[in-house]
Amino acid sequence: MALVIRKTLLQVETTLVEGGRTAPRPLVLYAALAVIKNPWAGQGFVEDLKPAIHAAAPVLGKLLTDMILGAVGSGAAVEGYGKAALVGLDGEIEHASALIHTLRFGNHYRQAVGAKSYLSFTNTRGPANAPLMIPLMDKADEGRRSHYLTIQTAIPDAPAADEIVVALGASVGGRPHHRIGDRYQDLKDLGNDLDNPAAV
């Protein structure tokens, strides 16, 4: 089945003041979203999701990556990144997961921004106008807490019951006035090892 994209959206949010203080550097958050027909809609329980994954995920990965890069200006400028999918009420969580938890989707973004850390994610189900959350982390440093961010958005008419919203998120900058340190200081204070942070 061919990928059917009903609409795309691009959201840009700039925070200039946080905690009553001017941000030393504005935080800019970007979200690129595509509303697609669920490729498994109306088929009942589908055992093999791969054919549709292979057909749709690369197209979505390239489309959304290009939207982010066009808005930000370059992959190098992206600091935090993440992904999300929201499936309509007639779909399975597995349908949302299928389109974003594949290298055929994520590698477009990773390569374009030169990322080393994994793409944080959410995959949820809901009706039209349900909240879509895109968690972000630093693209090169998973322990850099200033870039632990979440983009929250919603689309009034999506997802329909037979649709999926697929999204990528990006930040230029971290939380203004961040002051909780990073996980490396916690590890040092606790006497724990980076490769075994919970000391188990």
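Visitor: Which residues lie nearest the centre of the largest pocket?

Guide: This is a predicted model, where local features need pLDDT of at least 70, side-chain atom pairs count only at pLDDT 80 or more, and totals for chains, interfaces and linings use all residues. Residues are numbered from 1 along each chain as its sequence is written, and side-chain values use heavy atoms, without hydrogens and water. A pocket is an open set of points on a 1 Å grid over the protein atoms alone, where a 1.4 Å probe fits, with protein on both sides within 12 Å along at least five of seven lines; lining residues have an atom within 4 Å of a point. Here 13 residues line the largest pocket, and Glu 18, Gly 19, Arg 175, Pro 176 and His 177 lie nearest its centre.

Visitor: How many residues does the largest nonpolar core have?

Guide: Such a core joins buried (under 20% relative accessible area, 1.4 Å probe, protein chains only) Ala, Val, Leu, Ile, Met, Phe, Trp, Tyr and Cys residues through side-chain atoms within 4.5 Å. The largest has 34 residues, and Trp 40, Ile 68 and Tyr 109 have the most contacts inside it. Nine residues, the largest share, come from α1. A second, separate core of 17 residues includes Leu 132 and Ile 151.

Visitor: Is Arg 110 buried or exposed?

Guide: Arg 110 is buried yet has no salt bridge, a side-chain nitrogen of Lys or Arg within 4 Å of a carboxyl oxygen of Asp or Glu. The nearest side chain of opposite charge, Glu 142, is 9.0 Å away. Arg 110 touches (heavy atoms within 4.5 Å) residues including Tyr 81 and Leu 119.

Notes: Buried < 20%, exposed > 50% of the residue type's maximum accessible area, 1.4 Å probe, protein only. Lys, Arg positive; Asp, Glu negative; His and termini not counted. Helix = DSSP H or I, 4+ residues; strand = E, 2+ residues; numbered from the N terminus. Lists of a residue's contacts leave out its neighbours within four places in sequence.
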